[in-house]
Structures are given as structure tokens and as C-alpha cells.
Amino acid sequence: MLVTAGDLQKFNTMTASWGTLGELWKKKVAICFVRPTRHTYKFMETTDTFTLTFFDEKHREALDFCGSHSGRDTDKIAKTDLTPIEWEKQAVYFQQARLVLICKKLYMQDLNPALFLDPVIHDAYPKKDYHRMYVGEIIRCLAAT
């Protein structure tokens, strides 16, 4: 999936595989995780909404590219077949999506390494750049027809 935040004039997207869906506070929610070292992080911090965009396998190359290049120094859209679309001037997703979850941020929290119960988890963070968790209320679900 791609995690995207910002508006059509200025946004960033990144490939992610960590996430979950469920219910919290009597709301349907999506949870995703972004490291503070990622360019998308600043967009997540400064916007009220974000999108989770899911694709068919034929877009694997675009997802791989978005996961291995930073938006700080690369125009990911120019280098992929992705076409950004803006939803109600609040969120960006991609025309090629098979499923889009548009989410309004409800909560965020940094992962605390002192609370890792399995010591092996520390090995995933050699740079100590612990993810921030974002809980978003799913305010719209768009599916390809």
C-alpha cells in the first residue's frame, strides 16, 4: 500500500506494509506507522487526513520505486505510472488504486522501545528511528469498479 499525506499541490507518498484495520472508540479505523526519518512524516504531521491506497500486483514496480526512493530528492510521480487525484481538497490518492481508505487522524503516538516485550524488536531499529503510529478514522472507502 501507499501512505500519502498532503494536498495535490504538495504531498508525499511512501510504500508501507505495516498497518491494521479495526474499531476503536466506536469508529472504524486504520492504523499505519511512519518513521520520523521518512519524508512523508512531515506531511503526516501537518495534515488532518491521510490515505492508504492499495493496488493490484501489476503496479508492483511503482510500489517498489516509492519504497526505495525519497520524495525529498525524487519526483516519484514523474518516475512511476501513478496518477494522483485529490479528494475534496483534503487528501491525495491514485487513479490506479483498487482500494482507497481516506482517513482523518484521531491519535498518534511514538513507539516506545522501553515497552518492547521481545528484545529482538530492538534489532529492527539500529538508528533508533522508532515509528510513529497514526490512528485514522476511515471517513471514506473508494473501490475500483
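1. Buried means under 20% relative accessible area, exposed over 50%, and partly exposed in between. The model discussed here is predicted. Asp56, at 38% relative accessibility, therefore counts as partly exposed.

2. Asp56 pairs with Arg98: their side chains meet in a salt bridge, with an N to O distance of 3.7 Å. The two residues belong to distant parts of the chain, 42 residues apart. Asp56 sits in the loop between strand 5 and helix 2, while Arg98 sits in the loop between strand 7 (91–94) and strand 8 (99–110). Arg98 is likewise partly exposed, because its relative accessibility is 42%.

3. The loop that holds Asp56 also holds His59, between strand 5 (49–54) and helix 2 (60–68). Is His59 buried or exposed? His59 has a relative accessible area of 8%, so this residue is buried. Leaving aside residues up to four places away in sequence, His59 touches Asp81 and Gln96.

4. The salt bridges come to a count of 7. One of them joins Arg132 to Glu45, where the closest N and O atoms are 2.7 Å apart. Arg132 belongs to strand 9 (residues 132–143) and Glu45 to helix 1 (residues 39–46), so this pair ties together parts that are 87 residues apart in sequence.

5. The two partners in that bridge can also be described by their accessibility. Arg132 is buried, because its relative accessible area is 13%. Glu45, with a relative accessible area of 29%, is partly exposed.

6. Which residue forms a salt bridge with Lys28? The partner is Glu23, and the closest N and O atoms of the pair are 3.0 Å apart. Lys28 has 53% relative accessibility and so counts as exposed.

7. Why does Trp25 count as exposed? Its relative accessibility is 53%, and the cut-off for exposed is over 50%.

Note on methods: Residues numbered from 1 in each chain as written. Predicted model: local features only at pLDDT ≥ 70, side-chain atom pairs only at ≥ 80, totals over all residues. Heavy atoms only, no water. Helix = DSSP H or I, 4+ residues; strand = E, 2+ residues; numbered from the N terminus. Buried < 20%, exposed > 50% of the residue type's maximum accessible area, 1.4 Å probe, protein only. Contact = heavy atoms within 4.5 Å. Salt bridge = Lys/Arg side-chain N within 4 Å of Asp/Glu carboxyl O.
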